[in-house]
Amino acid sequence: MHWADYTAQKLMERGGKQVSASGITPSGEFHIGHLREILSAEMIHRACLDAGIESKYIFIVDSMDPLRRVYDFLSPEYERYIGHPLAYIPAPGSDGKPSDGSATYADHFLGPFLNALEQIGVCPEVVMNHETYESGEFAEYIDTAISKKEEIRRIIQEISGRELADDWFPYNPMGSDGSLDGVTVMGYEKPFVHWIDSLGVEGRSDIRKGEGKMPWRIDWAARWAIHGITCEPAGKDHGAAGGSYDTGIPICKLLGGEPPDKIVYEWIQLKGMGPMSSSTGLTIGPMEALSLVPPEILRYVVARSKINRHIEFDTGSALFQTADEYERLVSNPIADDGEMTKRQLVAAQTQSGAIRLSQVEAGANPSDSVGGVSFRHLSMLAQIKASDADVWKSLNRSGHIQGAPRESLVVRLARMRTWIDGPHFPEGAKLEIRRELSDEARGKLDEGGMDFLSVLSSLLSECEWGDEQISEAISNACESAGIPRRKGYASIYWALIGRSFGPKASSLLCEIGRERILSLLGGA
RNA sequence: GGGCCUGUAGCUUAGUCAGGUAGAGCGCCGGGCUUUUAACCCGGUGGCCGGGGGUUCGAAUCCCCUCAGGCCCGCCA
């Protein structure tokens, strides 16, 4: 069974309406790793719906979190905003300097990410955490947390092994300059927390407004209660023993909530580069990934892996393999012929679950996502056909599509071209049409092969220049040279692209043109 | 120091929770296919399940030890 379906089943036992959630701090560019946070929760949500369980999915943006430091992409002017909630500071411009403030820092990074999410079929209910503070929804939990301060302190100290300072307080008020840092709590008189900030200014924060926030470990536990969250997969950083998941559960109960069960997912790593981090700039953005990879394949990358396994994200040749695997499973779903062992059955169910959850539109027929054209075939066409119109013409001629291409295919081709032209496209998949017979090719061809090419050359010089005629010429040349067809094709590929195999030979030759082919084969 | 995850065929991995003859895909090799979509079909190759010990009639699976890789423990998915 797929992990999302398994989790849905567990949630069904818990009963009631399910609320899956994700939470991300918009401190910088979002990256591909954040997609796992999102998709882990969203797939469980979908699995719940598929199982007939009432469910919703919310994405909580940690917009109340303060700016921790001046990241590399920020100008030094951001120094003065350290400690300020991301929702209340201006977005950086392209030069890294604070812009005019028409967009907030949080919104600036969130916007493109939500756009990318839409493309992969994720439409969450977005909750800006600072608005939850502003609306007063946190107030009663803040009040409870303050009155149970010592119990919470004990939970955090015992479970995390961390020593909390004597003046620790479960609410960080915002000082006179708008910073959450360096503000000392002087007292509490519901609904006001009295404080003195680092400038020596005294003031008070109304817990019913966005005038401060709870520390992360309590904030998280409180929001579980506020939103009725029943499921929130968390990154392994939160999942470590004594981490915020472990303290969140008892704190949530203390605040009167019913916490979700602990679910931890592993991180996505870039092939050979270790974990990603927004702050080191070692990232592939979801937008960048989506400019290359079809969205259902991106979903499949997450869906096919068990939740507790690393994912090595590779935009090179592994992408072909993943796409192949996806397409194979879509076109040849493993059917239960009644003779499967229990294990094979489990594997088949898991795979079909992964395909189901990879669809951009929930419940869509997976065959539609492939659109009749394989990823590999499209990569070939995109390389040998300069114009899109020629690609569509070719696909019509080969019977892949009828008439105009559908929109999703147009987008796929555009993505394919971006990939091919970019730095991630694997060398091994590049088609380099040779101008003359290389020594390497000569080395690979024996007498029969050379004879074949020479016969082919003369046949091609006379025949009509079309796919079928070329195909026929190849057949005839094979017979004439007395070699198997397989060998004939291999000879063509050696001569043409320096490999023993390749895309359909006749259309390749047809596209390249008679003159160039004859000059290439002339040396045979 | 504390803890988590992983180690199964050349590669990616399923199977570990509920012990019962090690499965799959890719690759590779051979054959087939008188249009090769890098396709498809048939056959084949390939594993002391990281190592050692224990429990058991029986262990990839449970227990103990050990080695290796990755990661978490202020914030980070």
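Guide: A quick definition to start: a polar contact here is a pair of N or O atoms within 3.5 Å; within protein, one must be able to donate a hydrogen and the other to accept it, and residues adjacent in sequence count only if both atoms are side-chain atoms. With that in hand, take Y265: an N or O atom in the side chain of Y265 sits 2.3 Å from a sugar or linking oxygen of RNA strand B. Bear in mind that this is a predicted model, where local features need pLDDT of at least 70, side-chain atom pairs count only at pLDDT 80 or more, and totals for chains, interfaces and linings use all residues. Side-chain values use heavy atoms, leaving out hydrogens and water, while residues are numbered from 1 along each chain as written and chains are lettered from A, ligands numbered from 1, in written order.

H238 also has a polar side-chain atom 3.1 Å from a sugar or linking oxygen of RNA strand B, whereas R309 puts one 2.9 Å from a phosphate oxygen.

Zooming out, 47 residues are around RNA strand B, counting a residue as near if one of its heavy atoms lies within 4 Å. Y265, R328, R343, P503 and K504 come nearest. The surface splits into 16 nonpolar, 17 polar and 14 charged residues (nonpolar: Ala, Val, Leu, Ile, Met, Phe, Trp, Tyr, Cys and Pro; charged: Asp, Glu, Lys and Arg; polar: the others, Gly among them). Helix α21 gives the most, four residues.

Technical notes
Helices (H or I, at least four residues) and strands (E, at least two) are DSSP runs, numbered from the N terminus.
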